[in-house]
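Here is a short briefing to read with the model open beside you. It goes from the overall fold to a few side-chain pairs that are worth a look.

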Amino acid sequence: MILTREEIAFLDVYCHEGTELPFGGPATDVMTSIGVYNGDTLNLQWAYLRGKPSTSPTIGNASKVAPPLPWANRDAVLRRDAAIRAIREEMQRGRGIGLPLQEGRLDDSREAISTRMEGE
């Protein structure tokens, strides 16, 4: 498991607020009060959704009160998001990031791109 129980509890509400009207709520308010915005937490959100995939159109759970913030400040949130990004990238490298093409070929974005100049 990538996230702690405290992180999951908080992200359960935070992710819900980011996907359901009217967008925002107590968890979002706590994050913005320390200078953290939705785009700053994309890897945290990925880890939450990976560990707790939704079984319905609704993600997470609504709450009138934000769970305790599992990070001390903005820098701690950004460091944790970066750490999860590194885990995510390692996982993607480990399984390959290819997209199937026609005729059973694999489009692997890691392949080198030729940049030969005219006359070479």
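The chain has four helices and two strands, where helices (H or I, at least four residues) and strands (E, at least two) are DSSP runs numbered from the N terminus. Read along the sequence, their order is α-α-α-α-β-β. Please keep in mind that this is a predicted model, in which local features need pLDDT of at least 70 and side-chain atom pairs count only at pLDDT 80 or more, while totals for chains, interfaces and linings use all residues. Residues are numbered from 1 along each chain as its sequence is written, and side-chain values use heavy atoms, with hydrogens and water left out.

**The chain as a whole**

- Of the 120 residues, 28% count as buried; buried means under 20% relative accessible area, exposed over 50%, and partly exposed in between (1.4 Å probe, protein chains only).
- Among contacts with a separation of 6 or more, 70% come from residues 24 or more positions apart, a contact being heavy atoms within 4.5 Å.
- The accessible surface comes to about 8400 Å², and 54% of that belongs to carbon and sulfur atoms; accessible areas come from the Shrake-Rupley method with a 1.4 Å probe, and for residues only the protein chains shown count as cover.

**Aromatic pairs**

- There are two aromatic pairs, counted when ring centres of Phe, Tyr or Trp (its six-membered ring) lie within 6.5 Å; planes under 30 degrees apart are stacked, over 60 edge-to-face and the rest tilted.
- Phe 10 and Tyr 14 are a stacked pair, with 6.0 Å from centre to centre and 25 degrees between the planes.
- These two residues, Phe 10 and Tyr 14, sit four residues apart in helix H1, so about one helical turn separates them, and both are buried.
- Phe 10 also pairs with Trp 71: the planes stand at 85 degrees with the centres 5.7 Å apart, so this pair is edge-to-face.
- Because Phe 10 lies in helix H1 and Trp 71 in the loop between H3 and H4, the pair ties together parts that are 61 residues apart in sequence.
- Phe 10 and Trp 71 are both buried, and Phe 10, Tyr 14 and Trp 71 form one aromatic cluster.

**Salt bridges**

- The count is five salt bridges, each a side-chain nitrogen of Lys or Arg within 4 Å of a carboxyl oxygen of Asp or Glu.
- One of them joins Lys 52 and Asp 12 at 3.2 Å, N to O.
- Lys 52 lies in the loop between helix H3 (42-51) and helix H4 (74-95) and Asp 12 in helix H1 (residues 5-19), so this bridge ties together parts that are 40 residues apart in sequence.
- Lys 52 is partly exposed at 37% relative accessibility, whereas Asp 12 is buried at 10%.
- Asp 40 and Arg 74 meet in another, at 4.0 Å, N to O.
- This pair links distant parts of the chain, 34 residues apart: Asp 40 in the loop between helix H2 (26-33) and H3, and Arg 74 in helix H4.
- Arg 85 and Glu 89 form a salt bridge of 3.9 Å, N to O; both lie in helix H4, four residues apart, about one turn of the helix.
- Arg 85 is partly exposed at 39%, and Glu 89 is partly exposed at 36%.

**Around Thr 28**

- Thr 28 lies in helix H2 and, leaving aside neighbours within four places in sequence, is in contact with Tyr 14 and Glu 17.
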